[in-house]
Amino acid sequence: MYESFVNRIEEIGCPYLENAPLGKYSSIQVGGTCRYAVWPENTDQIKKLIASAKEIDMPYYILGNCTNILVPDDGVNGLIILLGKSGTNFHQISLIDDTTIHCEAGVSLQEVCMFALKHGLKGLEFAYGIPASIGGAIYMNAGAFEVEIKDVVTECTFIDENGNLVTFLNPDLQFSYRHSYFHDHSCVIISANIHLEKGNREEIKEKMDTFLNRRIAKQPLEYPSAGSTFKRPGGAYAAKLIDDSGLKGYTVGGAMVSNKHCGFVINYDNATSKDVIALVEHIQKVVAEKTGYHLECEMIIM
Ligand SMILES: Cc1cc2nc3c(=O)[nH]c(=O)nc-3n(C[C@H](O)[C@H](O)[C@H](O)COP(=O)(O)OP(=O)(O)OC[C@H]3O[C@@H](n4cnc5c(N)ncnc54)[C@H](O)[C@@H]3O)c2cc1C
């Protein structure tokens with residue numbers, strides 16, 4: 001049904017791949033292909049791609065570094081617009097005044113942290129080691145060590161639901177725990193400004209290394225995953241609830257509750273999306289029975 005869409009992509013003129021291995025692009029390394037993956041070069045191309053997809057009722061998704069998603073085993077029969085590390089567009093980063101960094105949506109948090117370090121700016125150290133793109137980090141309000149992206153973003157420019165390029169200041173972005181305005185509005189984050197403070201380079205580097213080492217010590221980074229599978233329920237920690245429920249190391253097919261950090265479902269051995277979902281549901285059921293807490297998925301199941 002969507003065969004002729006390839007002609008439209010070629011008219012628009014951006015790089016694309018048909019039947020692209022979307023699961024392989026994801027950090028958990030699970031799931032099938034997508035009908036079309038595109039790497040737009042500018043906002044005009046994004047607007048045209050979305051308008052064209054809407055015309056034929058083809059589903060479309062905007063993705064960054066694919067570190068918080070689970071792709072279905074039978075793939076996605078639609079358009080995937082990729083702005084993160086699998087491409088090279090939307091990767092500009094610059095200093096707009098002494099303490100403000102402007103970055104496009106495809107820049108990784110890692111790159112912004114290194115840029116901040118180079119310019120002696122502190123306040124973003126918490127993000128060192130979160131494998132997100134700026135777009136994904138803002139969408140998810142990514143955070144760690146009691147700090148979130150909402151604490152440093154001053155404004156964000158995006159394509160809104162009517163195809164207009166608009167800029168919102170921080171309060172309008174409606175950030176809350178792992179949530180932003182973009183959860184309730186279908187938009188494309190294009191760029192953001194991040195405000196930091198002047199600091200001492202050695203101290204910044206030391207803090208970044210400390211945070212990174214804590215991740216290496218505690219997280220199962222040696223296995224593919226989508227990070228913490230569940231949100232932190234109020235008043236408790238998902239990992240502890242899962243551990244207390246006796247689920248450490250529990251497996252379904254190739255998916256496993258990490259022995260190192262129970263909050264991570266890892267792709268232990270060629271897991272399928274079905275395995276991961278069955279394990280997630282099992283964890284939710286057992287934890288609810290044993291502790292009374294409902295664990296909400298943080299990983300986005302496409
Ligand atoms: C090892 C590991 C450790 C992690 N540690 C942390 C952590 O400490 N803290 C934390 O918060 N998260 C963590 N994560 C999860 C993940 O990195 C974050 O949720 C991150 O914000 C996702 O960014 P992304 O670019 O990969 O987004 P994707 O996974 O590509 O997309 C996530 C969501 O954002 C939307 N999105 C992405 N880009 C755009 C855009 N430009 N415009 C509109 N919507 C967009 C997508 O549609 C999707 O709904 C971890 C993940 C891994 C694998």
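The model is predicted: local features need pLDDT of at least 70, side-chain atom pairs count only at pLDDT 80 or more, and totals for chains, interfaces and linings use all residues. Residues are numbered from 1 along each chain as its sequence is written.

Ten residues from domain 1 and 14 residues from domain 2 make the contact; two residues are in contact if their C-beta atoms, placed from the backbone, lie within 7 Å. On the domain 1 side, H3 gives the largest share, four residues. By class, that side has three nonpolar, six polar and one charged residues. Ala, Val, Leu, Ile, Met, Phe, Trp, Tyr, Cys and Pro count as nonpolar, Asp, Glu, Lys and Arg as charged, and the others, Gly among them, as polar.

**The sheet**

Helices (H or I, at least four residues) and strands (E, at least two) are DSSP runs, numbered from the N terminus. Five strands form an open sheet, ordered E6-E7-E13-E11-E12, with antiparallel pairing. Two strands pair if DSSP finds at least two bridges between them. Strand E6 (93-97) and strand E12 (165-169) are the edges, and each pairs on one side only. Neighbouring strands are turned by 20° against each other on average, direction ignored. Axes are lines fitted to C-alpha atoms, for helices over the stretch in contact, and angles run from 0 to 180 degrees between N-to-C directions.

Strand E11 (residues 153-159) and strand E13 (residues 188-195) run antiparallel, joined by six bridges. Phe158 stands opposite Ile189 in E13.

Two helices lie across strands of this sheet. Helix H3 (residues 43-55) lies across E11, E12 and E13, at about 50° to E11. Helix H4 (residues 109-118) lies across E6, strand E7 (100-104) and E13, at about 155° to E7.

**The ligand shell**

The ligand is surrounded by 35 residues, the closest being Gly64, Ala132, Gly135, Gly136 and Gly227. A residue is near a molecule if its C-beta atom, placed from the backbone, lies within 6 Å of it. Elements giving two or more residues to the shell are strand E3 (60-63), helix H5 (134-140), strand E9 (143-144), E13 and strand E15 (225-228). H5 supplies the largest share, five residues. The shell has 22 nonpolar, 13 polar and no charged residues.
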